[in-house]
Amino acid sequence: MGKQWWKDSVVYQIYPRSFNDSNGDGIGDIKGITEKLDYLKELGIDVVWLSPVYQSPNDDNGYDISNYREIMDEFGTMKDWEEMLDGMHKRGIRLVMDLVVNHSSDEHAWFAESRKSKDNPYRDYYIWRPGVDGHEPNNWGSIFGGSAWQYDETTEEYYLHLFSKKQPDLNWENPTLREEVYELMSFWLDKGVDGFRMDVINFISKEPGLPDAEVTSPDKYQWGGDYFVNGPKFFEYMKDMNERVLSQYGAMTVGEMPLATPEDGVKYTDEKDGIVSMLFQFEHMDVTSGPGGKWDQQPWKLTDLKKIISKWQTELHGRGWNSLYMENHDQPRSVSVFGDDQSYRVESAKMLAAWLHLLQGTPYIYQGQELGMTNVYFDSIEEYKDIETLNMYKEEVEEKGREHEEILQAIHKKGRDNARTPMQWTDEQHAGFTSGTPWIKLNPNYTEVNAKKALSDENSTFYFYKELIRLRKEHDIIVHGDYKLLLEDNEQLYVYTRSYKDQTLIVAANFSGENVTHELDESLQGGNLLIKNYESTSDKLEQTSTMRPYEVKAYLI
Ligand code: TEU
Ligand code: CA
């Protein structure tokens, strides 16, 4: 297999808990994935990114790992996992596992030892500090609410947890801990995995001294990111990891990196001197966030999205490599945010697909995105399961006294459970996800939106994605062409070109529910239609044309 195979690959993300339940306990599992490999083969994807399947008490659905070398009981056995991997490789599908090593579970054996005494050999696997005047060691807030420090009675010290208190941060300053991580990575690579998606990997290096964060909000605890995002030794740690482990395997790596800028992107994904194959940046996901952050969702502007995407496309061209995503297990459904999940669900799902997949980079499809699955609107907080959502609700409603309705609306827009409702396979009971009681309620629209229906309709979003994946294999320009933005100031149409050798690919996407007429440069005419989402679309590109609601079309000239 050639070098840098991930550049012409399409990745499909599986969130195992919600994908397919094989034994009726209401929880998706590994055998359930194996049952659906032909479905993935039919779609044509090249790589699966599997969210964590390791042993975990599931405080954060597997992102809190208690044993890195065992499979979670609810998901099956190591034998099931090996059969799944085998089934993937037989179909030419590669597997990328989730590597969650900024933190572990507090139920990991390392932590059980670490908390026992100050001189335990595992003490320095985690970040312990004494309190200051009876308070936490600093003012950092946890991303899941409250302080980032938890007091532990046994040794009368605090440990750092940037996420939940059941997710203590690992201490990367400790070389023995780094060795442990390398070993567990080798363990999985030796079993045949093809790479890693690295959870919040740019948080692993903390500023020595762990200084207080600047006070920027009226809350008790503050965002300490200045002291751990792309921290002082991050690059060095990653270089070492590459040299010692990854370089021996030709593995694909994708670093999840909140707050990464295009400049970081160039540095981190540089072909010769970089540290990851590509990274997940968040700028375009934050385009809907107001001054109050992720729960303060605001109307967004297409020109802002254009600025962000164009910056990443241009900066990384020929220097690094982009990942292309609009959904994952932490984000709302893209058709509900950037399209219209009511009147133009299918049209806008296809528009977003073509617009994204024809950019430069490796595209990611999150389970159900290929069906145009939508956000879910539960009306009671009891229906929600996500720790981040539940903590936030408690803090805002129970502690600060804000209105239930207001907070629920924010959850409808941005809650992570939007992406975590079960995959919709059929129009039968529980959408064919389980024969038992699903761990989280389904989106009631499964009678309309499901894989069975999509597979029997040649105009479905499923086959549209399949076609996009096929086109990528046929046209080098999709992988290699450079990017240019047209109609920069237009708030409804996103039009760009890609150029490679003597070819030009032009992609025009209407992000609005209205007819919009536009005019193109004379040089951009004729060519051949590559893909469209409306039946009657001219075979040749015309200088003046009217784009219908959420229409997308691409021509090769
Ligand atoms: O997410 C890290 C992250 O910074 C956010 O996307 C986070 O999910 C949250 O929405 C911030 O508001 C990764 C995983 O993808 C996520 O599922 C985990 O909960 C988190 O790390 C901790 O492991
Ligand atoms: Ca199950």
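Helices (H or I, at least four residues) and strands (E, at least two) are DSSP runs, and they are numbered from the N terminus. The structure is a predicted model, in which local features need pLDDT of at least 70 and side-chain atom pairs count only at pLDDT 80 or more, while totals for chains, interfaces and linings use all residues. Residues are numbered from 1 along each chain as its sequence is written, chains are lettered from A and ligands numbered from 1 in the order in which they are written, and side-chain values use heavy atoms, with hydrogens and water left out.

Figure 1. Strand 7 and strand 8 (residues 157–160) run antiparallel and are joined by four bridges, and W149 stands opposite L160 in strand 8.

**Figure 2. Strand 16 and strand 17 make a hairpin.** Five bridges hold together strand 16 (residues 482–486) and strand 17 (residues 493–500), which run antiparallel, and D482 is placed opposite S499 in strand 17. Six residues lie between the two strands, and in the turn L487 has a positive phi of about 45 degrees.

**Figure 3. Helix 7 and helix 8 cross in a right-handed manner.** The axes of helix 7 (residues 262–269) and helix 8 (residues 302–316) come within 9 Å, crossing at roughly 35 degrees; a crossing is right-handed if the near helix is turned clockwise from the far one by less than a right angle, and left-handed if anticlockwise. On the side of helix 7, P262, E263, G265, V266 and T269 meet K311, W312, E315 and L316 of helix 8, contact being defined as heavy atoms within 4.5 Å. In the loop between strand 10 (252–256) and helix 7 lies L259, whose phi is near 70 degrees, a positive value in a residue other than glycine.

**Figure 4. Helix 10 is largely enclosed by the rest of the structure.** This can be said because 11 of the 13 residues of helix 10 are buried, a word that here means under 20% relative accessible area, with exposed meaning over 50% and partly exposed in between (1.4 Å probe, protein chains only). Among the buried residues of helix 10 are R345, K350, W355 and H357. The end C-alpha atoms of helix 10 (residues 345–357) are 18 Å apart, which agrees with the 18 Å that its 13 residues should span at 1.5 Å a residue, the expected span being 1.5 Å times one less than the number of residues. In the loop between helix 9 (334–337) and helix 10 is S343, which counts as exposed at 55% relative accessibility. Although S343 and G513 are 170 residues apart in sequence, their C-alpha atoms are 8.8 Å apart in space.

**Figure 5. H329 is a buried loop residue.** H329 is found between strand 14 and helix 9, and its relative accessible area is 1%. Leaving aside residues up to four places away in sequence, H329 touches Q13, Y15, W49, S51, Y63, R197, Y366, R416, A419 and R420. The C-alpha atoms of H329 and I14 are separated by 8.7 Å, although the two residues are 315 residues apart along the chain.

**Figure 6. N61 has a positive phi although it is not a glycine.** The value is about 45 degrees, and N61 belongs to the loop between strand 3 (54–55) and strand 4 (67–71). With a relative accessible area of 16%, N61 is buried.

Technical notes: Axes are lines fitted to C-alpha atoms, for helices over the stretch in contact, and angles run from 0 to 180 degrees between N-to-C directions. Two strands pair if DSSP finds at least two bridges between them.
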